[in-house]
Amino acid sequence: MTEPTLLGYPISLLFLYFLWYSFLGWFLETCWCSFFKGKFVARGFLKGPICPIYGIGILMMVLFFTGLMGYPVLFYVVSTVTLSAWEYFVGWLLEVTTHTRYWDYSQKRFNLHGRIRLDYCLLWGVAAYLVLYFLHPATERLFARIPLLTRQVLAGVASVITLADIVTTIRSLAMTTILMEKAKAVSAEVEHRREELAQSGRQKLDEARLQAALLQLELKETDLLADAAYYSARFRHRYDHLGSQRYRKLLDRIREESSPLKAHRLARLADQKARKKEEKAAEKK
């Protein structure tokens, strides 16, 4: 039984390599962050225990730079530059698509736009050296023992699970961005209404009407922030330096009011559920 290959590697084997190195990256980063925080903190965007940025980075080295392994110094320089550029690109892409920064090295010396920092870049090169010179040969021998059919089945099942995880994560990121954008617009309207209300007090206008409109807007703003807090909970928990120039005030509110916002959302969902039951009961009558 044959299967498609990429640069001489079977696709199923490459995918298992990707998962393996993504898991190792997740494990090391989780251990690192948990140690300094004094509590367990899972890292990564996905719900599963993998960090694709590591898996893809190592795969790039396996596919394109194994020919440089006879030149250790050159290999180290190329891997450092390549993997640092990859980290920079991922950080830039997330900022552009979600208007949110998930890691920020701006306060550290020798950083580039807060997306990469020199000491971590040098560690990328060390990690690539250790993986390709020592870990990957053992990985190749281990994975070579897996029968072809078993390997393909494992890759197929894992790909479905990983794809489902990616889709739900992208949905959470997209929903967070959409809700934050709506909340930003409503917040601006709330401020405008408050100014109108302040002026109406001096001009003796219809304060009751303005007050009612303001309360409706504030409730809508709270609803949006509660939903945004729900969809962004995993990312806020895993990334301490989560920040955004565009949504800075809203993120600060979500952090400060996370528990009340969660309670508000649960109460709203319970109320909606009760209304649906009442409507169904009324229809039966």
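**Figure 1. Aromatic pairs in the predicted model.** In this predicted model, a search of the whole structure returns 20 aromatic pairs. One of them joins phenylalanine 35 and phenylalanine 36 in an edge-to-face arrangement, with 5.2 Å from centre to centre and 85 degrees between the planes; both phenylalanine 35 and phenylalanine 36 are exposed. Elsewhere in the view, Trp20, Phe23, Trp26 and Phe27 are linked into a cluster by ring pairs.

**Figure 2. Packing of helix 2 against helix 3.** Helix 2, which spans residues 52–64, packs with helix 3, residues 72–98, at an angle of about 145 degrees, and their axes are 10 Å apart. The crossing of these two helices is right-handed. From helix 2 the contact draws on Ile53, Ile56, Gly57, Met60 and Met61, while helix 3 contributes Phe75, Ser79, Thr82, Leu83, Trp86, Glu87 and Val90. Sorted by class, the residues in this contact of helix 2 with helix 3 are eight nonpolar, three polar and one charged.

**Figure 3. Packing of helix 2 against helix 4.** The axes of helix 2 and helix 4 come within 11 Å of each other and cross at roughly 65 degrees, and this crossing, too, is right-handed. On the helix 2 side Tyr54, Ile58, Met61 and Val62 take part, and they meet Trp124, Ala128, Val131, Leu132 and His136 of helix 4. The contact of helix 2 with helix 4 divides into eight nonpolar residues, one polar residue and no charged ones.

**Figure 4. The nonpolar cores and the surroundings of phenylalanine 75.** The largest nonpolar core holds 26 residues, and those with the most contacts inside it are Tyr9, Leu14, Tyr17, Ile58, Met61, Phe75 and Leu132. Two or more residues of this core come from each of helix 1 (11–37), helix 2, helix 3, helix 4 (118–144) and helix 5 (148–203), with helix 1 giving the largest share, seven residues. When residues up to four places away in sequence are not counted, phenylalanine 75 touches Met61, Phe65, Leu68, Met69, Ala128, Tyr129, Leu132 and Tyr133.

**Figure 5. Threonine 66 in the loop between helix 2 and helix 3.** Threonine 66 is placed in the loop that lies between helix 2 and helix 3. Its relative accessible area is 31%, so threonine 66 is classed as partly exposed. Apart from its neighbours within four places in sequence, threonine 66 is in contact with Met61 and Leu132. Arginine 109 is 43 residues from threonine 66 along the chain, and the C-alpha atoms of the two are separated by 32 Å.

**Figure 6. Two loop residues with a positive phi.** Most residues other than glycine have a negative phi. Leucine 7 has a positive phi of about 55 degrees although it is not a glycine, and the residue is found in the loop between strand 1 (5–6) and strand 2 (9–10). Because its relative accessible area is 51%, leucine 7 counts as exposed, the cut-off being over 50%. Phenylalanine 110, likewise not a glycine, has a positive phi of about 60 degrees and sits in the loop between helix 3 and strand 3 (111–112). With a relative accessible area of 56%, phenylalanine 110 is exposed as well.

Technical notes: Residues numbered from 1 in each chain as written. Predicted model: local features only at pLDDT ≥ 70, side-chain atom pairs only at ≥ 80, totals over all residues. Heavy atoms only, no water. Axes fitted to C-alpha atoms, helices over the stretch in contact; angles between N-to-C directions. Helix = DSSP H or I, 4+ residues; strand = E, 2+ residues; numbered from the N terminus. Left-handed = near helix turned anticlockwise from the far one by under 90°. Contact = heavy atoms within 4.5 Å. Nonpolar A, V, L, I, M, F, W, Y, C, P; charged D, E, K, R; others polar. Core = buried A, V, L, I, M, F, W, Y, C linked by side-chain atoms within 4.5 Å. Buried < 20%, exposed > 50% of the residue type's maximum accessible area, 1.4 Å probe, protein only. Phe/Tyr/Trp six-rings, centres within 6.5 Å; stacked < 30°, edge-to-face > 60°.
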